Amino acid sequence: MSKMIDINSKIKDVIALPIGHDVVFRLFLQTGLSFSLLDNPLVLNIKLKNLSKILKRKIPTSFFQTVIDLVNSELEQPLEDDAPINKAWWKEAVFYQIYPRSFKDSNGDGIGDIQGIISKLDTLKDLGIDCLWLSPIYDSPNDDNGYDIRDYRNIMAEFGTMDDVDLLISELKKRDMKIIMDLVVNHTSDEHPWFQAALNGDKEKQDYYIFRDKPNNWTSFFSGSAWRYFKEIDKYALKLFSSKQMDLNWDNPKIRKEVADIVTFWLEKGIDGFRMDVINYISKNPELPDGDTLVGDLVGFTGMEHYFYGPNLTKYLAELRKNAFEPYQGFSVGETPGIGTQLGKLLTGDYRKIMDLTFSFDHLETPGKVRFDDYRYDLNFYKFYLIENQKSFSNRYWMSLFVDNHDNPRFISKIDPSNRYRDELAKNINMILLTLKGTPFFYQGQEIGMTNNEFKSMDDIRDVESINKYKEMIAAGKTEKEAFATILAGSRDHCRTPMQWNDKTYGGFSENQPWIKGYQDLKTTNIEYQQKQNNSIYNFTKQLIHYRKENPVLIYGDIEFIKENTKDYFIYKRKDENNEFLIEINLSDDRQKRIIDSTGYKLIFSNVKNQEKMMSAYEANLYRKI
Ligand code: ISL
Ligand code: CA
C-alpha cells in the first residue's frame with residue numbers, strides 16, 4: 001500500500017501511484033506535452049497545486065479534488081518479484097480477429113456469416129493462426145454491428161444458426177485451433193427483453209439498468225449526452241455508447257449472476273474464452289456525480305473519471321473469473337480504453353486473478369493527436385510506447401501486441417497514406433508484432449496489407465459513431481466537405497470493408513453487393529494472389545509465424561533493447577541460454593546507415609530483397625546468432 005496524495009504532493013508522488021501514473025501518461029498523450037519532461041527533476045518536484053505553471057492554463061480547485069480522489073482510489077502497487085514465467089497456451093498463440101460481417105459471405109446476401117468463416121479455416125490454419133477472436137455474432141438489431149446484444153444465447157440470423165456455431169467449434173477443434181468470443185456486457189441493446197420489461201414497469205428489471213430522474217453531464221462516446229429519456233416510465237437511462245446501448249447495473253448481484261451464466265453457457269459449449277468489451281467501464285461511481293469539465297476537455301469525454309476504473313471493478317471481475325472462467329480455465333482479454341501500464345498490471349498480474357490480458361490503446365495515436373485528426377503517425381512513438389511497456393513488464397505480466405482492430409483506421413495507412421512502401425511497411429509491422437515479448441493479435445486483412453478505404457461520400461459510411469459525429473459537426477456549422485474529411489480520417493469503417501480473397505468482383509467476399517463498399521486494389525491485395533507470390537506480405541507473415549512457433553525463445557526469451565534513444569531505429573535482441581536473435585528495424589521511409597554490427601549473425605528474415613550498404617525505407621531484419 002502506498003501513501004495517499006493531496007494538493008501539496010509532488011508530481012513524482014502522483015505518478016508513483018498506479019492511477020496517477022496512467023492518468024499523467026494519458027494527459028501528456030492527449031495534450032502532446034513531451035514525455036521527456038517526466039525525466040526532469042524540476043518537473044517531478046512541482047507540487048500539484050502549482051500545476052497551472054506547466055500546463056499554462058488556469059486550473060479550478062474542483063479539478064484537483066477530482067484528480068486527488070481518483071488517484072487515491074487505488075493504493076495497491078503491482079507486485080514486482082522474480083517469479084519465473086508461468087507458461088500458458090495464450091502466451092504462445094497467435095490470435096486473429098474476425099469481423100464476421102466482413103469476412104466471408106457464404107450465401108450471397110452480401111453479409112459475412114459463420115459458414116463463410118468455416119470455409120476459410122484451412123487458410124487461417126495455413127497462415128499459422130492458433131486462436132480466433134470473433135466480434136459479436138449474437139442476435140442484435142445491429143445499431144452498432146452486434147455490439148448491441150438482444151439475446152446472448154442466440155445467433156444473429158444474418159450470420160447463421162447455433163448449429164453453424166457448433167460446427168465451427170468442432171471444425172476448429174479438428175484443426176487444433178481455438179476460439180474466443182466477444183463478451184459485451186457493459187451494456188445490452190434497448191431491445192433486450194430485460195430492458196423491454198423495465199420499460200413495461202418491471203421493477204426488478206429496472207434495477208438491471210441505470211435509471212435516474214435527472215441526467216448528469218456525462219457525454220456519450222458516440223456524441224451527445226450519455227442519457228436517453230424514456231417517456232414510458234418518465235426516467236433517463238444511462239447509455240455511454242449509442243442510444244440503443246443501455247448500460248447495465250453491475251452493482252446489482254443479479255446482473256453479475258446473469259453475466260456469469262452467459263460466460264458459463266459459452267464455455268460449456270467449448271469455446272476457449274472471451275474478449276471483454278469496454279470491461280473497465282462496468283463499475284460506475286454509484287452517486288453518478290457530474291464529470292469534471294476540465295477532465296472532460298482533456299480526455300474528450302465528460303464523466304470518465306467516475307467509471308474508467310470504478311470502485312468495484314476489480315472485485316466484480318475477480319468474482320466473475322472465479323465463478324465462471326476458472327471452472328473451464330477460460331482465457332480473458334479485456335478491452336480497456338484509458339487503462340495504461342500500471343493499471344493494466346493490476347488487472348492482469350497472474351497473482352491477481354482478474355483477467356489474463358488487456359488491450360491498451362495508448363499507442364494508437366501520437367501525442368497530441370486523436371483518431372479523427374488527419375496526420376502521419378510517427379513510428380518512433382510506437383517504439384517509445386513498446387519499450388516503456390516491455391521494460392516494465394516483469395514475469396508476472398504479459399502484454400498484448402496489436403495495431404489493427406475493427407475500431408480503427410488501418411495502422412499502415414496512418415503511417416504512410418501514400419502506400420509507397422506498403423509491402424515493406426506491412427511486413428515491418430508484422431515482424432515487430434511477432435518478435436516482441438507478448439501475444440500478437442492480427443486483424444483480418446493485416447496479413448495481405450489491407451489499407452484504408454477510399455470512401456467517396458457519407459453514403460458509403462455505415463458506422464453509427466461516424467454518422468453521429470458527422471451530424472454533430474454539421475450542426476456545429478462545419479461544411480459537408482470539412483465534416484466528411486474528418487470522418488475519412490478516423491472512421492472505424494476503414495477496417496470494416498470486405499476481406500479480399502481473390503481478384504474477382506467483390507474480392508471473392510460475396511457474389512453480390514456487400515453491405516459496405518470496398519474500393520481497394522484487388523489485383524494484388526488478396527489472399528489467393530499473395531499465397532502464390534513467394535515474397536508477398538502473406539507469405540512473409542506466415543513464415544515468421546511458423547518460425548516463432550519453432551523458436552520459443554521468440555516467445556519466452558528475454559528482451560534487450562539496443563541504442564534505444566537513436567531516432568528511427570528499433571533494435572532489440574531476444575535471447576535465452578542457447579539462442580540469440582537480433583531484430584533491426586528502420587522506422588522511417590528514409591535510407592539509414594547501419595548502426596549495428598551483424599557479423600556473427602545469420603540473416604533469417606528480411607523485408608527487402610537485397611541488403612544494400614544503407615538500410616532502405618522501413619527495412620526490417622531478423623538475424624540469428626551463429
Ligand atoms: O470509440 C471510442 C472513443 O471514441 C473508443 O475509445 C471506445 O471506447 C472503444 O473503442 C470501445 O469499443 C468497443 O465498445 C463499443 C463498440 O462500438 C466497439 O466496436 C467496441 O470495440 C461499444 O460496445
Ligand atoms: Ca451471408
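The model is predicted: local features need pLDDT of at least 70, side-chain atom pairs count only at pLDDT 80 or more, and totals for chains, interfaces and linings use all residues. Residues are numbered from 1 along each chain as its sequence is written, and side-chain values use heavy atoms, with hydrogens and water left out.

**Calcium ion (ligand 2)**
- The protein donors, lying 2.3 Å from the calcium ion, are Asp 105 (OD), Asn 107 (OD1), Asp 109 (OD), Ile 111 (O) and Asp 113 (OD).
- Donors are N, O and S atoms within 2.8 Å of the metal (3.2 Å for Na, K and Ca); water is not among the atoms, so sites may look incomplete.
- The donor residues follow the spacing D-x1-N-x1-D-x1-I-x1-D in sequence.
- Asn 107 is exposed, at 51% relative accessible area, whereas Asp 113 is buried, at 3%.
- Buried means under 20% relative accessible area, exposed over 50%, and partly exposed in between (1.4 Å probe, protein chains only).

**Ligand 1**
- Around ligand 1 there are 20 residues, each with a heavy atom within 4 Å of it.
- The closest are Asp 144, His 187, Asp 277, His 406 and Asp 407.
- An oxygen atom of ligand 1 lies 2.4 Å from a side-chain N or O atom of Asp 144.
- For His 406, a polar side-chain atom is 2.8 Å from a ligand 1 oxygen atom.
- These are polar contacts (pairs of N or O atoms within 3.5 Å).

**Nonpolar cores**
- The largest nonpolar core has 198 residues, and Phe 274 is among those with the most contacts inside it.
- Apart from this core lies another of eight residues, including Ile 562 and Tyr 601.
- A nonpolar core is a set of buried Ala, Val, Leu, Ile, Met, Phe, Trp, Tyr and Cys residues joined through side-chain atoms within 4.5 Å.

Conventions: Chains lettered and ligands numbered in written order. Polar contact = N/O pair within 3.5 Å; in protein donor to acceptor, adjacent residues only side chain to side chain.
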